[in-house]
Amino acid sequence: MTAAYSCHGDHCITCSDEGLPMRVVAIDEPGLARCAAGDGAETLVMTDLVEPVAVGDLVLVHAGVALTVLPGEAVA
Amino acid sequence: MRYVDEYRDAELGRALAAEILGVAEPGRHYKLMEVCGGHTHTIYRYGVTDLLPDNVELVHGPGCPVCVIPMGRVDDGIAIARQDNVIFTCFGDMMRVPGGNGTLLEAKAEGADVRMVYSPLDALRLAKRHPDREVVFFAIGFETTAPSTALTLKRARADGVRNFFCLSNHVTIVPPLRALLESPDLRLDGFIGPGHVSTVVGARPFEFIPADYGKPVVVSGFEPLDLLQSVSMLLHQLAGGRCQVENQYRRVVPYDGNPQALRVLAEVFELRPHFEWRGLGFISHSGLKLSAAYSDFDAELRYAVPGVRVADPKACQCGEVLKGVIKPWECKVFGTACTPERPIGTCMVSSEGACAAYYNYGRFARDLEAV
């Protein structure tokens with residue numbers, strides 16, 4: 001699994017106000033989903049705060065947590 | 001990608017720039033503070049200031065969590081990292097922040113087991129893989145990041161993990177804003193409010209700014225068009241004599257935040273009586289420590305830490321930069337003794353730090369303004 005973040009990319013992951021839109025690609029267990037960034041890199045994301053989520057949902061991820069489900073355009 | 005590309009459209013950007021030019025009163029100087037480092041980064045990366053009239057000035061605020069960590073807390077982290085049997089984990093940029101006696105990266109070079117992680121969950125997984133070691137996570141960040149730490153600790157407890165600890169440096173956004181507004185040397189016309197912090201806390205907590213201090217707030221997204229629209233909304237409020245909290249980032253920010261996240265924060269954390277901020281000093285009720293229910297995971301209780309307050313280097317003016325009193329390039333050591341490769345101050349460490357953002361994307365401006 002490739003980390004979707006970089007400390008030298010668009011943003012530093014330490015930034016408290018950085019959020020990355022990611023697509024849910026698989027749900028490993030309740031509250032844990034694999035999500036892909038725009039470049040396809042996948043990471044494990046906690047989804048407790050936005051349950052229920054489904055494969056295809058677009059979520060805003062910060063520091064390994066989905067903070068919100070972005071509206072519309074869910075693709076299964 | 002959706003939610004990215006359409007917010008970088010050049011034609012729409014030019015239209016917003018024209019609208020801003022139309023609403024800005026000639027002869028009046030506007031100082032607007034973007035609170036968070038993510039905004040600072042976008043502003044420099046996309047040259048947003050180049051699209052604004054000369055009399056609309058953007059001032060950088062204290063919203064970079066790396067930049068506000070005081071040197072003494074770094075020393076506390078290093079002291080724990082040097083303990084036998086500890087794997088010390090933190091976000092990448094935190095490794096380069098200078099404490100009173102070097103950085104975590106230097107401690108690693110000297111033999112401490114310091115590892116970069118991308119999330120607290122990564123640190124917890126490390127603890128599960130190394131049950132014979134103690135894994136400590138150096139937690140930083142505002143209310144955006146604190147839920148990640150909180151959920152990870154809940155998961156650690158549910159999974160019965162006993163070798164995972166957290167050194168909490170989490171902070172809250174409202175107290176430093178109030179401290180800034182009380183600062184006598186601060187002159188601002190309005191605030192571009194932090195977008196993703198507001199995803200958790202909502203826009204409502206910022207209502208004290210117009211109510212108590214008479215300044216408008218627009219909670220903003222992070223793409224260039226978001227920022228231009230937020231500037232336009234602030235100028236419209238000022239032109240129309242209005243003063244309120246508006247939410248430009250409605251596609252993401254609910255006005256009342258995320259109730260699940262707020263519940264998790266209330267369960268896992270409690271407010272410290274006070275917490276030290278770099279450049280801003282001690283601010284009451286501005287820091288989060290683990291609650292009594294999670295004290296078994298509290299690194300401050302598990303390990304002896306120096307807990308010593310370390311004064312910033314004299315040449316460093318991060319405090320003035322964080323308050324927006326001076327521009328990064330006005331600091332005496334900017335770009336000379338203090339660079340991203342060898343930072344003296346925290347603002348030069350993180351790519352969200354005002355100094356690093358300025359150094360990386362806008363250094364030319366120093367020469368122009370010096371002429």
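Predicted model: local features only at pLDDT ≥ 70, side-chain atom pairs only at ≥ 80, totals over all residues.

Residues are numbered from 1 along each chain as its sequence is written, chains are lettered from A and ligands numbered from 1 in the order in which they are written, and side-chain values use heavy atoms, with hydrogens and water left out.

Rings of Phe, Tyr and Trp (its six-membered ring) are paired if their centres lie within 6.5 Å; planes under 30 degrees apart count as stacked, over 60 as edge-to-face and the rest as tilted. Over all chains, this rule gives 10 aromatic pairs. In one of them, B:Phe88 and B:Phe138 are tilted, at 5.9 Å centre to centre and 50° between the planes. B:Phe88 belongs to strand β3 (residues 86-90) of chain B and B:Phe138 to strand β5 (residues 134-141) of chain B, so the pair links distant parts of the chain, 50 residues apart. Strands (E, at least two residues) and helices (H or I, at least four) are DSSP runs, numbered from the N terminus. Both B:Phe88 and B:Phe138 are buried, meaning under 20% relative accessible area, where exposed is over 50% and partly exposed lies in between (1.4 Å probe, protein chains only).The rings of B:Phe91 and B:Phe137 have centres 5.7 Å apart and planes at 85°, so this pair is edge-to-face. B:Phe91 and B:Phe137 are both buried. Elsewhere, B:Tyr44, B:Phe334, B:Tyr358 and B:Tyr359 form one aromatic cluster.

A charge can also sit over a ring, provided that NZ of Lys or CZ of Arg is within 6 Å of the ring centre and within 35 degrees of the ring normal. The charged end of B:Arg157 is placed in this way over the ring of B:Tyr294, 4.1 Å from its centre.

For helix packing, axes are lines fitted to C-alpha atoms over the stretch in contact, and angles run from 0 to 180 degrees between N-to-C directions. The axes of helix α2 (residues 37-45) and helix α14 (residues 354-361), both of chain B, come within 9 Å and cross at roughly 10°. α2(B) and α14(B) are therefore roughly parallel; angles under 35 degrees count as such, over 145 as roughly antiparallel, 65 to 115 as roughly perpendicular and the rest as oblique. Contact, meaning heavy atoms within 4.5 Å, is made by residues including B:Tyr44 of α2(B) and B:Tyr358 of α14(B).
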